[in-house]
Structures are given as C-alpha cells and as structure tokens.
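Trainee: I would like to learn how to read a few local features of a model, going from the backbone to the side chains. Could we take them in turn?

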Amino acid sequence: MTTAATRPSDRRVSPVFLGILAVSAVTGWATWTGFAAEPGLAVFLFVTSAWVVSLCLHEYAHARTALHGGDISVGAKGYLTLNPMKYTHALLSVVLPVVFVIMGGIGLPGGAVFIERGRIRGRWKHSLISAAGPLTNVLFAVVCTAPFWLGAVDGVPPAFRFALAFLALLQVTAAILNFLPVPGLDGYGVIEPWLSHGVRRQVEPFAPFGLLFVFALLWVPSVNGVFFDAVDGLLGCLGIDELDTYCGFDLFRFWRGPDEFCGV
C-alpha cells in the first residue's frame, strides 16, 4: 500500500491556506484586544476565515485518509496542500458554505475533493474516508468549546467569547449535518459501502441534491426549531449559553447593526 504522495510539493502547505490562517490569527487578535474600530467586522472576518480553515482541514482529512487507503492521486490533485483553490468545485467547497453561515448561521461543508474510489479496497476504508471529514469538525468543536467547559472564559473579552461560541456552533452543526445518512453527505458515504449495488444505483441520482435538500429542510420552522434546540442543548452541556451564540451571530452580521442586548 502506498502511503506517500509522489512528490514533496504535493504535500507542501499552500500559501493560500497560510494566508487564510494569518487572517484568522490577526482578526482574532483584533477581536480579543478591541483593536478594531468596528468589532462586528473583526468578528465577521475572524469567524469566516476560521470557518474556511476548518473547511480546508475537513477536506484534507478526507484526502489524507484516502491516500493511506490507496488513492495516491490525491497528491497530484493538490488536495494535500490545504489549498481551497484546488478543490473540485470552488462554489460548493467554499462559497456555498460561507453563504449558508451568513444566511442561517449553519455550518455545512460542501463537496470538494474527488476520491478515486476504485483504487481503494475494503468497505471499512471507504467508510473511514467519509467519516474523516466530520470527525475533523468534531475535533475543531472540542477545541472551540474547551475554554467554556474548562471554565476558562472568565476575563475573556465579550466579543471574542461570542465569536468563539458562534464558531463552536458552526462546527457542531457541521458535524451533525454531515453525519446524516443523506446522499451527497458524508454520513451516507459511511454507510454506502455496506448497501447493496441495487440500492446504491437507485440512490445515486439524488446525491447532487442532498446538500441543498438538507439546507432547504432547515428553513422549515418546525424542523429548524427542533434541530437548533438539540444543538443548543448540546452546547449547553459544554458550557456555552444560548446568549453567547446569539450574540456571536449578531456580531457576525455586522451590517445589520449591533443588538444593544449583547452589550458590545
């Protein structure tokens, strides 16, 4: 089994990714220190850039796991460089997930890397490749929520605390939604290898629409309410109050004007 890319340059971290990471670090610092004249703009840039970083890591996890599973083509395609410009569909990979966040505060990564499944042998390997992406969101969520469940948010500037809470919400929603067994999402990719050939053929035409179907379903008030009640309950168990995520989303949408209730 080949477990290395064909060329060192195939694994070199892209300057594009490093630039996005730098924007996240600088705007996070500006949010923390209050350096920005407009805290909402700083929060928007911090959360958006950190969200794109998590998208890159999500797709990298798919690609890296596929590489170890036998698909050495991911290196030549640039998937191991963390460069979002190398993804199969730039619209679905970066633009659409950011639009989802702006419109509804929902973290939902889109399809980005093309895995040559024919190179991979074994059902468990196929399932693990699909699970690797949302598991990365789980890990990102643990990092974002750690200051809250460790009781380390005392003294943290409100704007930064709100931004971190909202970012945690995005990671939690991304993990939950991606694990749904809906065609086109990673959750279906986990169970697909275990389905019969006939079932896979019947489901395959619906895969391109799975992402949009889930997003449309979340616009149904009753479904949206149940989903976010569950998300808020989970975040509450991790020490994040609904007020934190509400104010984080409010600051993120800085163009709507600040909510005095949040007190930033």
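This is a predicted model: local features need pLDDT of at least 70, side-chain atom pairs count only at pLDDT 80 or more; totals for chains, interfaces and linings use all residues.

Trainee: What is the phi of leucine 82?

Mentor: The general idea is that most residues other than glycine have a negative phi. In this structure the phi of leucine 82 is near 65°, which is a positive value in a residue other than glycine.

Trainee: Turning to disulfides, how many does a search of the whole structure find?

Mentor: One pair of sulfur atoms has to lie within 2.5 Å to be called a disulfide, and the search of the whole structure finds one such link. The disulfide joins cysteine 247 to cysteine 262, with an S to S distance of 2.1 Å. Cysteine 247 belongs to helix H11 (residues 242–252) whereas cysteine 262 is in the segment after H11, so the pair ties together parts that are 15 residues apart in sequence.

Trainee: Is the link of cysteine 247 and cysteine 262 left-handed or right-handed?

Mentor: The angle about the S-S bond is -95°, and the link is left-handed.

Trainee: Which cysteine sulfur is nearest to that of cysteine 56, and how far away is it?

Mentor: Cysteine 56 is in no disulfide, and the nearest cysteine sulfur, which belongs to cysteine 144, is 15 Å away. Cysteine 56 is itself buried, with a relative accessible area of 1%. Cysteine 237 is likewise in no disulfide, the nearest cysteine sulfur being that of cysteine 144 at 17 Å. Cysteine 237, however, counts as exposed, at 69% relative accessibility.

Trainee: To finish with a side chain inside a helix, what does threonine 136 touch, leaving out residues up to four places away in sequence?

Mentor: Threonine 136 lies in helix H5 (residues 123–149), and with that exclusion it touches Leu57, His58 and Ala61. A polar atom of the threonine 136 side chain also lies 2.9 Å from the backbone oxygen of alanine 132. At 17% relative accessibility, threonine 136 counts as buried.

Technical notes. Residues are numbered from 1 along each chain as its sequence is written. Side-chain values use heavy atoms; hydrogens and water are left out. Helices (H or I, at least four residues) and strands (E, at least two) are DSSP runs, numbered from the N terminus. Buried means under 20% relative accessible area, exposed over 50%, partly exposed in between (1.4 Å probe, protein chains only). A polar contact is a pair of N or O atoms within 3.5 Å; within protein, one must be able to donate a hydrogen and the other to accept it, and residues adjacent in sequence count only if both atoms are side-chain atoms. Contact means heavy atoms within 4.5 Å.
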